[in-house]
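Reader: Please take one part of this model, its cavities, and go through it closely, setting out the terms as you use them.

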Amino acid sequence: MLRRKLKRNRSGIDEVDGASAPKETAVTEPEIKEAKVDGDITSNNIPLWKKLYDIEIRMNAQLRGLKFGGPVAAVYNPVEYASELHCAYMRKFLTGQKHVLFVGMNPGPWGMCQTGVPFGYIPAIRDWMKLEGNVQKPEGELAVRPVDGLKCTRAEQSGQRFWGLLESLCGPPENFFENCFVYNLCPLAFFKSSGANVTPAELKGEEKRKLQEICNNRLAEAINLLEPRVIVSIGRYVEDRVKELFKQNAIDHSIGHKCLPHPSPRSVNNTNWGEKARKWLIENDVDRFLKKSQ
């Protein structure tokens, strides 16, 4: 378990009832087109985004050994098959340490599964962030959960709410990413054979424990690398994982930790999420880190 102390140097997922699934679904290694890395990469001059991506590569090697049973029929890893867009996102917006790290749970079928970007609502990724990149097909792709990259016409409702709020508050994406970054706890999406989503919280048994351990360790590495002043967990599942890291002394206790309600329409009492989230940002003193549109 990582226990390095930080040096403080700066002030819609659609649910569908489905049929039975195969007994085990392994996380496999697809043919991945290596992400293009710009700039001089040496041991003494490695961009921050590339250091984070290296952490992900090591984590993915561990995840490939997991086999998920029960209802899980397919496992998608967009960090791998959508690596061009995923790396384009980090290369463009992770140019230095950030004050605030927003942490989501895992990819949604019409968001990050299509784009490799957390809460990857396609109009936000394509038209607001102005990111481009090819997206390959995941191993074991389900016909009911196709991956079409930026050509996908379905809307990720959680991402539409999340990025829509930040665009309305900040204007150009550079205003938001000047002090903030958005990341995910788990890079994997899980589906039943019917296409119904299975969240990490709904997994069972030893593989769930192993998944949480791998993702927790990776998140601790990412936090220690990025050195945020505040972690904003998006939803209770992520909040519980971050609390575990504090309890294990895996991350610096001087980091603030807050929980923003998840933007999913499936969440209870989640109407008018944008208005509630706007108020939450002010009440929790996160609003001050957002550079506002002029």
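Author: A cavity here is a set of points, on a 1 Å grid over the protein atoms alone, where a 1.4 Å probe fits but cannot get out, and its lining residues are those with an atom within 4 Å of a point. The model is predicted, so that local features need pLDDT of at least 70 and side-chain atom pairs count only at pLDDT 80 or more, while totals for chains, interfaces and linings use all residues. Residues are numbered from 1 along each chain as its sequence is written, and side-chain values use heavy atoms, with hydrogens and water left out.

The largest cavity has a volume of about 50 Å³, a volume being the space filled by probe spheres set on the points, which are joined across faces, edges and corners. Its lining is made up of E56, V79, H86, M112, P118, Y183, N184, P187 and R218. By class, this lining holds 5 nonpolar, 2 polar and 2 charged residues, where Ala, Val, Leu, Ile, Met, Phe, Trp, Tyr, Cys and Pro count as nonpolar, Asp, Glu, Lys and Arg as charged, and the others, Gly among them, as polar.

The second largest cavity, with a volume of about 40 Å³, is lined by L185, C186, P200, L211, Q212, C215, N216, Y237 and R241.

Key:
On a 1 Å grid over the protein atoms alone, a cavity is a set of points where a 1.4 Å probe fits but cannot get out, and a pocket is an open set with protein on both sides within 12 Å along at least five of seven lines; lining residues have an atom within 4 Å of a point.
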